[in-house]
Amino acid sequence: MRIEPLGDSALIVRVVDDFARDPDAALNAVLAALRSLEAAAIPGVIELAPAYSTIAIFFDVAGIGRAAAKHEPSDWLRTRIESALTARSAGDKQSVATPQIEIPVCYGREFAPDLDDVASVAGLAAEEVIRRHSSAAYRVNCVGFIAGFPFMSGLPSELATPRRVAPRKKVPAGSVGIGGAQTGIYPRKSPGGWNLIGRTPLRLFDVQREPPTILQAGDRVRFRGISREEFDVLSQ
Amino acid sequence: MNVFVRSAGFLTSVQDLGRTGFRQSGISIGGALDSHALRVANALVGNKDSAAGLEATLGTLRLRFDDQRVVAWCGGAFAVRIGEENLPPGHAGLVAKDEELIMTAPKTGSRAWLAISGGIDVPPVLGSRSTDLRGNFGGHEGRALRDGDVLPLGERSALPVRVAEMFGDRRIAEWTAPSAWVTTAARDRFLRVVRGPDWARFREEAQTSLAGAPFTVTLDSDRMAARLDGPDLPRLDPTDLLSEAVAPGTLQVPPNGKPILLLGDCQTIGGYPKIAHVITVDLPIAAQLWPGDLVRFLEVTLPDAQELLREREENFARFRVGLSLQMS
């Protein structure tokens, strides 16, 4: 584990070194570290932001300075972070509970303009791409790029497809796509370069909800294939 | 009670200190690009730090109020008039019912923050009244202001009313805030930086060029980022990095070697290597950058950057105490 400054008001904690080797184990470690840091409630800390193998800690320098009293604020904060995280590793390694969320997806042709491209890269029939995409177990690596966009690991490696050379100016809300080795969902209409293979009727992002996103980093996700009829019903 | 937008100008939006606590959902902090300037303006009119004001870009803003309000502004070298009277930056001024406030285009700098006593009382979304222009939520209908918009104002506290009484025949307060806080475009465009997490991933020539060489702000700059042209900043190893947190002030370098300085509306995560990070007390200078401007970077140590920020916060706390004595 390493802790590095991100400017004068944030730190990045590198919880594990190699994310790609075992994303599932990395996300477990990050999630456990996140819960420990939340529980530690370090004075002056404003918010925590997990992404892949890291957690960023944003803090108020003046607040940390008051809490640190005579100590050098950065050193004091580092010590508090380290003790929060070692207390965890010393304790029993019970796995952190992670929500399991099912996302209904209609893989119909009208929602899947890039399905044939994915199929040809994979050397599979389109139906087989759908079957494999909807039977894999995924995890959210992080949420970002645009508010509510989940980047997920767990895509069967044969379905990995490079992003489109020319991104689309408008990707419809709910579009499910493949970008490299990850799969993701566009929470609202936006530009985007991922290969679109389906669409969910769920509203992934809604500012009237708190939290405003359905998915959080670490969550486990499965896609359930649905018909166009069911899509239309769920969209209402 | 309302403020009527007679002319919305180039890009004006409702902003407060930003939306914190939702980075996990990918929501940018947003808010006033120079949140300190908005805090100072709020203090001058007797508002809380967190009251919402207006961020004007390139001016040409005209407002009318349907009751008496105290206003103050900070930022670029704009000219602001209340009726026929000039309102200098960092001074509280009284606007009468049905009178116009006019902000013309700036001589230097690009943005200004206007606080109105009572604050702009749009409904908070996820704990903030800031307009998220990319996400189209918050502020006034999730968008930049248009001519003819009407914005609700909060109840005036007793404080600005007393300030108004203290003005007597004058309409502009004599007291002011430190000039470095209120006229940010007048400051040298040297941005102090600390090394970024990926500093060691860059070639020595990149590290040398960053400190000292001038960079030009390019046309594709906005509230998300100031994109810069200048010497290439090559990295040692072209492999992509996993995305991780970025923040306003992050100086990231895409494969073309041209740095991007992230501002308040930036994404919450990014995968480009981060060569450096502009220190918080210099973000007000970054918030004034406009295409064509030249900017240079100067490295400082992290303890120095934090000490400068701590000092500014102490000075701001003292300034607030001083103001409340002045107004009591």
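Start with helix α5 of chain A, residues 126-135, where Val129(A), Ile130(A) and His133(A) are buried. "Buried" here means 20 or more other C-beta atoms within 10 Å of the residue's own, "exposed" means 12 or fewer, and "partly exposed" is anything in between, with C-beta atoms placed from the backbone. Looking down the axis of α5(A), the buried residues fall within an arc of 95°, so they line one face of the helix. That arc is taken over the directions from the helix axis to the C-beta atoms. Turned away from the buried side of α5(A) is a face with the exposed residues Glu127(A) and Ser135(A). As for what the buried residues of α5(A) pack against, that's α4 (115-122), β12 (195-199) and β13 (220-225) of chain A. Contact means that the C-beta atoms of two residues, placed from the backbone, lie within 7 Å.

A few ground rules. This is a predicted model, in which local features need pLDDT of at least 70 and side-chain atom pairs count only at pLDDT 80 or more, while totals for chains, interfaces and linings use all residues. Residues are numbered from 1 along each chain as its sequence is written, with chains lettered from A and ligands numbered from 1 in the order in which they are written. The model scores ipTM 0.95 and pTM 0.95. For chain B, the mean pLDDT is 94, and 96% of its residues reach 70 or more; pLDDT is the predictor's confidence in each residue, from 0 to 100.

**Chain A overall**

Chain A has six helices and 13 strands. Helices (H or I, at least four residues) and strands (E, at least two) are DSSP runs, numbered from the N terminus. Along the principal axes, the C-alpha atoms of chain A fill a box of roughly 65 × 35 × 35 Å. Of its 236 residues, 45% count as buried. Take the contacts in chain A between residues at least 6 apart in sequence, and 60% of them join residues at least 24 apart.

The loop between β12 and β13 of chain A deserves a look. Pro211(A) is found there, and a cis peptide bond joins Glu210(A) to Pro211(A), with omega about 0°. Gly218(A) lies in the loop between β12 and β13 of chain A too, and it counts as buried because it has 21 C-beta neighbours inside 10 Å. Leaving out residues up to four places away in sequence, Gly218(A) touches Leu27(A), Val30(A), Leu31(A), Thr98(A), Arg139(A) and Val140(A). Gly218(A) and Asn141(A) are 77 residues apart in sequence, yet 6.1 Å apart in space, C-alpha to C-alpha.

**Where the chains meet**

On the chain B side, 33 residues are in contact with 37 residues of chain A. Elements giving two or more residues to that side of chain B are β15 (244-245) and α6 (302-327). α6(B) gives the most, with six residues. By class, the side of chain B that touches chain A has 15 nonpolar, 14 polar and four charged residues. For those classes, Ala, Val, Leu, Ile, Met, Phe, Trp, Tyr, Cys and Pro count as nonpolar, Asp, Glu, Lys and Arg as charged, and the others, Gly among them, as polar.

**Strands in chain B**

Chain B has a closed barrel of seven strands, running β12-β19-β16-β17-β14-β13-β20 with mixed pairing. Neighbouring strands of this sheet are turned by 35° against each other on average, direction ignored. Two strands pair if DSSP finds at least two bridges between them.

| Strand | Partner strand | Bridges |
|---|---|---|
| β13(B), residues 215-217 | β20(B), residues 294-299 | two bridges |
| β1(B), residues 2-7 | β11(B), residues 150-152 | three bridges |
| β1(B) | β4(B), residues 61-65 | four bridges |

Down at residue level, Thr216(B) stands opposite Leu294(B) in β20(B). Val3(B) has Leu151(B) as its bridge partner in β11(B), and Ser7(B) stands opposite Arg62(B) in β4(B).

Leu58(B) lies between β3 (53-57) and β4 of chain B, and has a positive phi of about 60° although it is not a glycine. With 20 C-beta neighbours inside 10 Å, Leu58(B) counts as buried. Thr60(B) is found in the loop between β3 and β4 of chain B as well, with a positive phi near 50°. Thr60(B) has 16 C-beta neighbours inside 10 Å, so it counts as partly exposed.

Notes: Axes fitted to C-alpha atoms, helices over the stretch in contact; angles between N-to-C directions.
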